Amino acid sequence: MAIHVGRWDCRQCGHIGILGPETKCINCGAPRPKGVRFYLPGDAQIVTNEEELKKAKAGADWRCSFCETNNKAYNVACVSCGNLRTASDKKLEAREYKLNEVPTDSNQAKLLMTQDKVDSRYHTNTETKSAFKATNKLLWWSLGFSGFVIFVLIVLLSIKHKITVDVVQMHWEREISTEEYREVTEEDWSVPSGGTEISSHQAIHHYIDVPEGYETKTRTVQVKVGEEQYVCGKMDMGNGYFEDKYCSRPIYDSRTETYQEKKYRKEPVYQTRYKYSIYRWKPGGSIKTSGNDKNAQWGDASGLQNNAYRRENGRKETYLVYVMDEKQKEQKNKVSFGKWGKINIGDKLLAYKDVLGNYRGLVE
Ligand SMILES: [Zn+2]
Ligand SMILES: [Zn+2]
(Lines give C-alpha, C1' and ligand atoms only; values in the text may rest on other atoms or scores of the structure.)
(Ligands and ions follow the chains in the order given, each with its own letter.)
Protein backbone atom coordinates (compact mmCIF):
# COMPACT_ATOMS: atom_id res chain seq x y z
CA MET A 1 0.00 0.00 0.00
CA ALA A 2 2.44 2.53 -1.20
CA ILE A 3 1.75 6.18 -0.35
CA HIS A 4 2.87 8.89 -2.78
CA VAL A 5 3.35 12.64 -2.32
CA GLY A 6 0.87 14.71 -4.37
CA ARG A 7 1.18 18.32 -5.56
CA TRP A 8 -0.98 21.43 -5.73
CA ASP A 9 -0.76 24.91 -7.30
CA CYS A 10 -1.11 28.35 -5.68
CA ARG A 11 -3.88 30.43 -7.19
CA GLN A 12 -2.62 33.64 -5.57
CA CYS A 13 0.89 33.85 -7.03
CA GLY A 14 0.75 31.06 -9.65
CA HIS A 15 3.48 28.95 -8.04
CA ILE A 16 3.04 25.36 -9.23
CA GLY A 17 4.08 21.96 -7.95
CA ILE A 18 3.88 22.73 -4.24
CA LEU A 19 4.32 19.50 -2.25
CA GLY A 20 0.91 18.10 -1.26
CA PRO A 21 1.35 18.12 2.52
CA GLU A 22 2.19 21.89 2.54
CA THR A 23 -0.92 23.77 3.74
CA LYS A 24 0.36 27.16 2.59
CA CYS A 25 2.06 28.38 -0.57
CA ILE A 26 5.85 28.17 -0.09
CA ASN A 27 6.18 31.29 -2.24
CA CYS A 28 3.49 33.76 -1.07
CA GLY A 29 2.06 32.06 2.02
CA ALA A 30 -1.54 31.91 0.71
CA PRO A 31 -3.57 28.92 2.00
CA ARG A 32 -4.47 26.09 -0.40
CA PRO A 33 -7.34 27.25 -2.66
CA LYS A 34 -10.86 26.31 -1.70
CA GLY A 35 -11.84 22.97 -3.22
CA VAL A 36 -8.21 22.14 -4.02
CA ARG A 37 -7.58 19.12 -6.24
CA PHE A 38 -4.25 17.46 -5.62
CA TYR A 39 -2.47 15.84 -8.56
CA LEU A 40 0.03 13.03 -8.77
CA PRO A 41 2.95 13.44 -11.23
CA GLY A 42 4.28 10.29 -12.86
CA ASP A 43 7.56 10.57 -10.93
CA ALA A 44 5.87 11.25 -7.57
CA GLN A 45 7.97 10.43 -4.55
CA ILE A 46 7.03 7.34 -2.52
CA VAL A 47 6.87 7.94 1.23
CA THR A 48 9.15 5.57 3.16
CA ASN A 49 9.93 7.61 6.27
CA GLU A 50 8.07 6.16 9.29
CA GLU A 51 7.22 9.62 10.72
CA GLU A 52 5.85 10.91 7.43
CA LEU A 53 3.84 7.71 6.85
CA LYS A 54 2.19 8.25 10.22
CA LYS A 55 1.28 11.84 9.22
CA ALA A 56 -0.09 10.66 5.89
CA LYS A 57 -2.30 8.08 7.57
CA ALA A 58 -3.53 10.54 10.22
CA GLY A 59 -6.47 11.48 7.96
CA ALA A 60 -7.71 14.37 5.85
CA ASP A 61 -6.73 17.98 6.60
CA TRP A 62 -9.43 20.41 7.71
CA ARG A 63 -10.33 23.92 6.62
CA CYS A 64 -10.71 26.65 9.26
CA SER A 65 -14.14 28.20 8.82
CA PHE A 66 -12.86 31.60 10.07
CA CYS A 67 -9.68 32.17 8.07
CA GLU A 68 -9.79 29.46 5.33
CA THR A 69 -6.42 28.08 6.40
CA ASN A 70 -5.88 24.32 5.91
CA ASN A 71 -4.83 22.50 9.07
CA LYS A 72 -3.47 19.01 9.65
CA ALA A 73 -5.75 16.37 11.19
CA TYR A 74 -3.73 16.43 14.42
CA ASN A 75 -4.10 20.24 14.84
CA VAL A 76 -6.80 20.84 17.47
CA ALA A 77 -6.74 24.60 16.79
CA CYS A 78 -6.18 26.62 13.60
CA VAL A 79 -2.42 27.25 13.17
CA SER A 80 -3.20 30.64 11.67
CA CYS A 81 -5.95 32.23 13.78
CA GLY A 82 -5.98 29.95 16.81
CA ASN A 83 -9.67 29.11 16.73
CA LEU A 84 -10.46 25.69 18.16
CA ARG A 85 -11.64 23.08 15.64
CA THR A 86 -15.46 22.75 15.63
CA ALA A 87 -18.04 20.74 13.70
CA SER A 88 -18.40 23.58 11.15
CA ASP A 89 -14.74 23.15 10.12
CA LYS A 90 -15.01 20.84 7.10
CA LYS A 91 -12.53 18.09 6.30
CA LEU A 92 -10.92 18.14 2.83
CA GLU A 93 -12.63 15.60 0.62
CA ALA A 94 -10.94 12.22 0.18
CA ARG A 95 -11.44 10.99 -3.36
CA GLU A 96 -11.05 7.66 -5.06
CA TYR A 97 -9.74 7.65 -8.64
CA LYS A 98 -9.56 4.87 -11.16
CA LEU A 99 -6.01 4.37 -12.40
CA ASN A 100 -6.59 6.22 -15.69
CA GLU A 101 -8.51 9.07 -14.04
CA VAL A 102 -5.88 10.27 -11.54
CA PRO A 103 -4.92 13.90 -12.38
CA THR A 104 -1.19 13.84 -13.20
CA ASP A 105 -0.45 17.54 -13.79
CA SER A 106 -1.66 20.99 -12.81
CA ASN A 107 -3.84 21.37 -15.94
CA GLN A 108 -5.82 18.21 -15.21
CA ALA A 109 -6.23 19.27 -11.58
CA LYS A 110 -7.42 22.73 -12.66
CA LEU A 111 -9.93 21.15 -15.08
CA LEU A 112 -11.33 18.98 -12.29
CA MET A 113 -11.66 22.04 -10.01
CA THR A 114 -13.64 23.88 -12.70
CA GLN A 115 -15.84 20.87 -13.29
CA ASP A 116 -16.51 20.64 -9.55
CA LYS A 117 -18.01 24.13 -9.72
CA VAL A 118 -20.27 23.48 -12.70
CA ASP A 119 -23.24 21.28 -12.01
CA SER A 120 -21.94 18.04 -13.51
CA ARG A 121 -25.41 16.87 -14.49
CA TYR A 122 -26.18 19.99 -16.49
CA HIS A 123 -22.77 19.76 -18.13
CA THR A 124 -23.14 16.23 -19.54
CA ASN A 125 -26.73 16.89 -20.53
CA THR A 126 -25.97 19.81 -22.82
CA GLU A 127 -23.04 17.96 -24.40
CA THR A 128 -25.08 14.90 -25.32
CA LYS A 129 -27.93 17.10 -26.48
CA SER A 130 -25.82 19.05 -28.97
CA ALA A 131 -24.17 15.86 -30.28
CA PHE A 132 -27.62 14.36 -30.71
CA LYS A 133 -28.80 17.45 -32.56
CA ALA A 134 -25.85 17.30 -34.98
CA THR A 135 -26.48 13.65 -35.87
CA ASN A 136 -30.16 14.38 -36.25
CA LYS A 137 -29.51 17.25 -38.63
CA LEU A 138 -27.43 15.05 -40.94
CA LEU A 139 -30.04 12.31 -40.83
CA TRP A 140 -32.85 14.73 -41.67
CA TRP A 141 -30.86 16.21 -44.55
CA SER A 142 -30.21 12.83 -46.20
CA LEU A 143 -33.79 11.70 -45.57
CA GLY A 144 -35.09 14.92 -47.07
CA PHE A 145 -32.90 14.63 -50.13
CA SER A 146 -33.82 11.01 -50.99
CA GLY A 147 -37.45 11.86 -50.29
CA PHE A 148 -37.21 14.73 -52.78
CA VAL A 149 -35.70 12.47 -55.49
CA ILE A 150 -38.48 9.90 -55.03
CA PHE A 151 -41.08 12.66 -55.11
CA VAL A 152 -39.71 14.02 -58.42
CA LEU A 153 -39.77 10.51 -59.97
CA ILE A 154 -43.35 9.92 -58.84
CA VAL A 155 -44.44 13.30 -60.21
CA LEU A 156 -42.71 12.65 -63.56
CA LEU A 157 -44.29 9.21 -63.95
CA SER A 158 -47.72 10.44 -62.93
CA ILE A 159 -47.79 13.16 -65.56
CA LYS A 160 -50.17 11.75 -68.15
CA HIS A 161 -51.81 13.30 -71.11
CA LYS A 162 -54.98 12.28 -72.85
CA ILE A 163 -55.15 10.89 -76.41
CA THR A 164 -58.07 9.74 -78.54
CA VAL A 165 -58.15 6.06 -79.56
CA ASP A 166 -60.40 4.01 -81.90
CA VAL A 167 -62.15 0.84 -80.74
CA VAL A 168 -61.19 -1.91 -83.21
CA GLN A 169 -62.27 -5.12 -81.48
CA MET A 170 -64.43 -6.38 -78.60
CA HIS A 171 -63.98 -9.66 -76.76
CA TRP A 172 -65.57 -11.59 -73.87
CA GLU A 173 -64.71 -14.79 -72.02
CA ARG A 174 -66.72 -16.66 -69.40
CA GLU A 175 -65.84 -19.82 -67.49
CA ILE A 176 -67.70 -22.05 -65.03
CA SER A 177 -65.28 -24.36 -63.15
CA THR A 178 -66.57 -27.69 -61.92
CA GLU A 179 -65.64 -30.43 -59.48
CA GLU A 180 -66.08 -34.17 -59.90
CA TYR A 181 -66.82 -36.69 -57.17
CA ARG A 182 -64.58 -39.57 -58.14
CA GLU A 183 -62.76 -42.54 -56.71
CA VAL A 184 -59.10 -41.92 -55.91
CA THR A 185 -56.33 -43.94 -54.25
CA GLU A 186 -54.66 -42.55 -51.12
CA GLU A 187 -52.20 -43.71 -48.47
CA ASP A 188 -52.22 -43.00 -44.72
CA TRP A 189 -51.55 -44.49 -41.26
CA SER A 190 -55.26 -45.29 -40.95
CA VAL A 191 -58.21 -45.74 -43.29
CA PRO A 192 -60.64 -42.79 -42.94
CA SER A 193 -64.36 -43.41 -42.81
CA GLY A 194 -65.70 -43.99 -46.30
CA GLY A 195 -62.42 -45.52 -47.47
CA THR A 196 -61.95 -49.07 -48.69
CA GLU A 197 -58.65 -50.76 -47.85
CA ILE A 198 -56.73 -52.03 -50.85
CA SER A 199 -53.48 -53.15 -49.19
CA SER A 200 -51.24 -52.48 -46.21
CA HIS A 201 -47.51 -52.63 -45.47
CA GLN A 202 -45.01 -51.78 -42.72
CA ALA A 203 -43.36 -48.37 -43.14
CA ILE A 204 -41.07 -46.14 -41.05
CA HIS A 205 -43.29 -43.87 -38.97
CA HIS A 206 -40.58 -42.06 -36.92
CA TYR A 207 -37.13 -42.54 -35.36
CA ILE A 208 -36.10 -42.87 -31.72
CA ASP A 209 -32.67 -42.30 -30.13
CA VAL A 210 -31.32 -45.51 -28.60
CA PRO A 211 -28.39 -45.11 -26.15
CA GLU A 212 -25.29 -46.87 -27.44
CA GLY A 213 -22.62 -46.53 -24.74
CA TYR A 214 -20.21 -43.67 -24.16
CA GLU A 215 -17.47 -41.94 -26.09
CA THR A 216 -14.41 -40.48 -24.34
CA LYS A 217 -13.71 -36.90 -25.43
CA THR A 218 -11.34 -34.16 -24.26
CA ARG A 219 -11.93 -30.47 -23.71
CA THR A 220 -10.01 -27.46 -22.42
CA VAL A 221 -11.41 -25.79 -19.31
CA GLN A 222 -10.35 -22.68 -17.38
CA VAL A 223 -9.67 -23.47 -13.73
CA LYS A 224 -9.29 -20.81 -11.05
CA VAL A 225 -5.92 -21.39 -9.37
CA GLY A 226 -5.70 -18.34 -7.16
CA GLU A 227 -6.09 -14.58 -6.83
CA GLU A 228 -3.71 -11.71 -7.41
CA GLN A 229 -3.67 -8.19 -6.04
CA TYR A 230 -3.03 -5.30 -8.39
CA VAL A 231 -3.08 -1.50 -8.20
CA CYS A 232 -6.43 -0.49 -9.69
CA GLY A 233 -6.67 3.11 -8.48
CA LYS A 234 -5.38 5.87 -6.23
CA MET A 235 -6.95 7.42 -3.16
CA ASP A 236 -6.53 11.17 -2.67
CA MET A 237 -6.31 11.15 1.14
CA GLY A 238 -7.35 14.79 1.48
CA ASN A 239 -4.04 15.79 2.98
CA GLY A 240 -1.73 15.95 -0.05
CA TYR A 241 -0.93 12.24 -0.10
CA PHE A 242 -2.20 9.57 -2.52
CA GLU A 243 -2.50 5.93 -1.49
CA ASP A 244 -2.52 2.98 -3.89
CA LYS A 245 -5.83 1.21 -4.06
CA TYR A 246 -5.69 -2.52 -4.60
CA CYS A 247 -8.17 -4.79 -6.29
CA SER A 248 -8.02 -8.54 -6.61
CA ARG A 249 -8.66 -10.63 -9.66
CA PRO A 250 -8.77 -14.38 -10.15
CA ILE A 251 -5.93 -16.21 -11.91
CA TYR A 252 -7.01 -18.90 -14.33
CA ASP A 253 -5.13 -21.80 -15.79
CA SER A 254 -6.30 -23.84 -18.76
CA ARG A 255 -6.39 -27.58 -18.30
CA THR A 256 -7.35 -30.46 -20.53
CA GLU A 257 -9.90 -32.82 -19.11
CA THR A 258 -11.56 -35.92 -20.44
CA TYR A 259 -15.27 -36.55 -20.23
CA GLN A 260 -17.77 -39.15 -21.30
CA GLU A 261 -20.34 -38.26 -23.90
CA LYS A 262 -23.42 -40.41 -24.38
CA LYS A 263 -23.77 -41.86 -27.87
CA TYR A 264 -27.08 -42.54 -29.57
CA ARG A 265 -28.18 -44.56 -32.54
CA LYS A 266 -31.26 -43.67 -34.62
CA GLU A 267 -33.69 -46.55 -34.73
CA PRO A 268 -36.78 -46.59 -36.96
CA VAL A 269 -40.21 -47.34 -35.54
CA TYR A 270 -42.48 -49.14 -38.01
CA GLN A 271 -46.24 -48.85 -38.28
CA THR A 272 -48.85 -50.17 -40.66
CA ARG A 273 -49.50 -47.94 -43.66
CA TYR A 274 -52.72 -48.41 -45.61
CA LYS A 275 -53.52 -47.95 -49.27
CA TYR A 276 -57.23 -47.34 -49.78
CA SER A 277 -59.72 -46.07 -52.30
CA ILE A 278 -62.10 -43.26 -51.43
CA TYR A 279 -64.49 -40.83 -53.14
CA ARG A 280 -63.29 -37.21 -53.13
CA TRP A 281 -64.30 -33.94 -54.81
CA LYS A 282 -61.55 -33.20 -57.36
CA PRO A 283 -61.22 -30.46 -60.00
CA GLY A 284 -63.29 -31.39 -63.02
CA GLY A 285 -63.31 -29.63 -66.36
CA SER A 286 -64.60 -26.13 -66.97
CA ILE A 287 -67.35 -24.87 -69.23
CA LYS A 288 -65.88 -22.07 -71.34
CA THR A 289 -67.60 -19.66 -73.65
CA SER A 290 -66.14 -16.70 -75.53
CA GLY A 291 -66.78 -14.44 -78.46
CA ASN A 292 -65.90 -11.23 -80.28
CA ASP A 293 -69.54 -10.11 -80.39
CA LYS A 294 -71.56 -8.25 -77.75
CA ASN A 295 -73.56 -11.32 -76.77
CA ALA A 296 -71.78 -12.53 -73.59
CA GLN A 297 -73.28 -15.75 -72.24
CA TRP A 298 -72.57 -18.42 -69.64
CA GLY A 299 -72.08 -21.96 -70.93
CA ASP A 300 -74.67 -24.68 -70.46
CA ALA A 301 -74.47 -25.80 -66.80
CA SER A 302 -77.76 -27.66 -66.77
CA GLY A 303 -75.86 -30.95 -66.51
CA LEU A 304 -74.73 -29.95 -63.00
CA GLN A 305 -78.27 -29.70 -61.63
CA ASN A 306 -79.33 -32.65 -59.43
CA ASN A 307 -76.02 -34.31 -60.23
CA ALA A 308 -74.40 -36.15 -57.28
CA TYR A 309 -71.05 -36.50 -59.05
CA ARG A 310 -70.48 -33.05 -60.56
CA ARG A 311 -70.92 -29.57 -59.10
CA GLU A 312 -70.08 -25.96 -59.84
CA ASN A 313 -66.93 -24.47 -58.24
CA GLY A 314 -66.86 -20.77 -59.09
CA ARG A 315 -67.19 -18.50 -62.15
CA LYS A 316 -64.76 -16.19 -63.94
CA GLU A 317 -65.46 -13.54 -66.55
CA THR A 318 -63.22 -11.26 -68.62
CA TYR A 319 -64.20 -8.34 -70.89
CA LEU A 320 -61.68 -6.81 -73.30
CA VAL A 321 -61.68 -3.71 -75.48
CA TYR A 322 -58.95 -3.47 -78.17
CA VAL A 323 -58.11 0.05 -79.32
CA MET A 324 -55.71 1.52 -81.88
CA ASP A 325 -53.56 4.34 -80.45
CA GLU A 326 -52.23 7.36 -82.37
CA LYS A 327 -49.12 5.33 -83.36
CA GLN A 328 -51.36 2.65 -84.96
CA LYS A 329 -50.46 0.22 -82.19
CA GLU A 330 -53.18 -2.08 -80.87
CA GLN A 331 -53.72 -1.82 -77.07
CA LYS A 332 -55.67 -4.31 -74.93
CA ASN A 333 -57.89 -2.96 -72.11
CA LYS A 334 -59.56 -5.05 -69.39
CA VAL A 335 -62.83 -3.37 -68.43
CA SER A 336 -65.88 -4.05 -66.28
CA PHE A 337 -68.96 -5.74 -67.74
CA GLY A 338 -70.88 -2.49 -67.33
CA LYS A 339 -68.36 -0.41 -69.29
CA TRP A 340 -67.89 -3.14 -71.91
CA GLY A 341 -71.63 -3.16 -72.57
CA LYS A 342 -71.63 0.54 -73.49
CA ILE A 343 -68.69 0.37 -75.97
CA ASN A 344 -68.96 -0.61 -79.63
CA ILE A 345 -66.46 -1.08 -82.49
CA GLY A 346 -65.76 2.27 -84.16
CA ASP A 347 -66.26 4.31 -80.96
CA LYS A 348 -63.69 6.98 -80.13
CA LEU A 349 -62.44 6.83 -76.50
CA LEU A 350 -60.05 8.85 -74.34
CA ALA A 351 -56.88 7.12 -73.08
CA TYR A 352 -53.73 8.11 -71.13
CA LYS A 353 -50.08 8.23 -72.17
CA ASP A 354 -47.24 9.02 -69.72
CA VAL A 355 -44.16 11.23 -70.31
CA LEU A 356 -42.20 8.23 -71.65
CA GLY A 357 -44.87 7.60 -74.31
CA ASN A 358 -46.18 4.43 -72.66
CA TYR A 359 -49.86 3.59 -73.05
CA ARG A 360 -51.49 3.84 -69.58
CA GLY A 361 -55.08 2.66 -70.15
CA LEU A 362 -58.50 4.08 -70.89
CA VAL A 363 -59.83 7.17 -69.09
CA GLU A 364 -62.45 5.89 -66.63
ZN1 LIG B 1 1.59 31.57 -3.72
ZN1 LIG C 1 -8.08 29.93 11.18
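Analyst: We can go from the domains to the strands and then to the cores. Keep in mind that this is a predicted model.

User: Fine. Which domains is the protein divided into?

Analyst: Domain 1 covers 1-117 and domain 2 covers 122-158. Domain 3 is made of 165-177 + 287-302 + 310-362, and domain 4 of 179-228 + 249-281.

User: How far apart are the centres of domain 3 and domain 4?

Analyst: Their C-alpha centres are 57 Å apart.

User: What does β8 pair with?

Analyst: With strand β9 (residues 241-291) it forms an antiparallel pairing of 35 bridges. In that pairing Arg219 has Glu257 in β9 as its bridge partner. Strand β6 (residues 95-98) also pairs with β8, antiparallel over four bridges, and there Lys98 stands opposite Gly233.

User: How many residues are between the strands in the hairpin of β8 and β9?

Analyst: Four, and Gly238 in that hairpin has a positive phi near 80°.

User: Switching topic: which residues have the most contacts inside the largest nonpolar core?

Analyst: Phe38, Leu40, Ala56 and Tyr241, in a core of 17 residues. Apart from that core lies another of seven residues, including Met170, Trp172, Val321 and Trp340.

User: And what is Leu40 in contact with?

Analyst: Beyond its neighbours within four places in sequence, Leu40 contacts His4, Gly6, Val102, Pro103, Thr104, Lys234 and Phe242.

Methods. Residues numbered from 1 in each chain as written. Chains lettered and ligands numbered in written order. Predicted model: local features only at pLDDT ≥ 70, side-chain atom pairs only at ≥ 80, totals over all residues. Domains from an automatic or database assignment. Pairing = 2+ DSSP bridges. Helix = DSSP H or I, 4+ residues; strand = E, 2+ residues; numbered from the N terminus. Core = buried A, V, L, I, M, F, W, Y, C linked by C-beta atoms within 7 Å. Buried ≥ 20, exposed ≤ 12 C-beta atoms within 10 Å, placed from the backbone. Contact = placed C-beta atoms within 7 Å.
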